[in-house]
Amino acid sequence: MPRVFCIANQKGGVGKTTTAMNLAVALAKAGLRTLLVDLDPQCNATTGMGQKPTERHPLVVETPLREAARPTSTPRLDLVPGTRSFRDVAMLAQEDSTQADRIRQQLVQGFGAYDMVLIDCPPSVGQLTRTALASASEVLMPIQCEYFAMEGLAQMIDVIRQVMHTDGCQLQFGGILLTMYDPSLELTWEVEKEVRDFFGEIVFQTVVPRDVAVAEAPSHGKSVLDYAPRSRGTRAYVELCMEVLERDE
C-alpha cells in the first residue's frame, strides 16, 4: 500500500504547494514511484512543475487517475494536474457526501501504482480538503514561522481529528513542518518553541529556510532541487525526504 500524504493548511502562503512539489521530487529522486495530485484551484503545483492546468478536472469527469496522470521531467514522478474551471472547482468543493465518497473512491483506486502520493490541497477546511484528508494515510501540515500562521491552527487540528474519527479512515498525523525559517528573527524562535512545546515529536526536525531559490524555482517550471541543487532550500527538502522515509521504518 502506498503512503498517501495530504499537504494541508487552511492558511495560504505557508509553503504548502512548495512543500508538495519539492518533497514529491525528492521522493522520486530517492527511487520511489511518486504521484503529485493538484487539488488546489490555483493550480500552482501544476504550473510549478512546468505543466498546464486541464480544461476539466479528472475527478469531475471521472477519468481514472492512471489515465489522468502525466509524466514529469523527473523520472518516477507523475502529476495529476489541476483545473481553473470555475464550474469544476465548484463541483469539487460542494457539500455533498455522495460526491465526496465518489471522489475519495476515485482517488484511492488510482493510488495503487505508486509508492508515495502527495495531495496538494486548497488553503481551506472545506469539503475538498476534508475529502483529500479522508483519502490519505497521513497529513503533513506546513506552518510559516510567523504569528498569523498560528491563528486558526486549532481549527485545522479539529478538522483533522474529525476526519480521523470517520469510519474506515486510515488518517494519521504525519507531521508539522516549519517553513520560511529565519534564525535571525526572534519571532522565528518564539514560534518554533511554541509549536515544538505543544506538538512535540510530531514536528519535523527539518526546517525549511527562507531561500530566494525556493521562491524562484516555480517561475522556471522546476523544483528547487533541479533549479538550485546546492541551495539551502534543496538541502532542507532532501533532509525532509529522509526524515519522512525514516518515520516509516
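Q: Axes here are lines fitted to C-alpha atoms, for helices over the stretch in contact, and angles run from 0 to 180 degrees between N-to-C directions. So how do α5 and α6 cross?

A: The axes of α5 (residues 97–109) and α6 (residues 127–135) cross at roughly 45° and come within 9 Å. On the α5 side, Ala100, Ile103, Arg104, Leu107 and Val108 make the contact (heavy atoms within 4.5 Å), and α6 brings Gln127, Thr131, Ala134 and Ser135.

Q: What are we looking at, and how's it numbered?

A: It's a predicted model, where local features need pLDDT of at least 70, side-chain atom pairs count only at pLDDT 80 or more, and totals for chains, interfaces and linings use all residues. Numbering runs from 1 along each chain as its sequence is written, and side-chain values use heavy atoms, with hydrogens and water left out. Helices (H or I, at least four residues) and strands (E, at least two) are DSSP runs, numbered from the N terminus.

Q: Which residues of α6 touch α8?

A: Start with the geometry: α6 and α8 (residues 153–164) have axes 10 Å apart and pack at about 50°. From α6, the contact uses Thr129, Arg130, Leu133 and Ala134. On α8, the partners are Met156, Val159, Ile160, Gln162 and Val163. Ala134 also sits in the contact with α5.

Q: Switching to the sheet. What's the strand order?

A: β3-β4-β2-β5-β1-β6-β7-β8, an open sheet of eight strands with mixed pairing. Strands pair if DSSP finds at least two bridges between them.

Q: Which strands are at the edges?

A: β3 (70–71) and β8 (203–209). Each has a single partner strand, so one side of each has no neighbour in the sheet.

Q: In what sense do β6 and β7 pair?

A: Parallel, over seven bridges, with β6 at residues 138–144 and β7 at residues 172–181. Leucine 140 is opposite glycine 175 of β7.

Q: What does α12 touch on the sheet?

A: Helix α12 (residues 232–246) packs there against β1 (3–7), β5 (116–120), β7 and β8. The direction of α12 makes about 165° with that of β8.

Q: One more: where's histidine 57, and is it buried or exposed?

A: Histidine 57 sits in the loop between α2 (44–48) and α3 (65–68). Its relative accessibility is 2%, so histidine 57 counts as buried (under 20% relative accessible area, with exposed over 50% and partly exposed in between, using a 1.4 Å probe and protein chains only).

Q: What's it in contact with?

A: Apart from neighbours within four places in sequence, histidine 57 contacts Asp38, Leu39, Pro81, Gly82, Thr83, Asp88 and Leu92.
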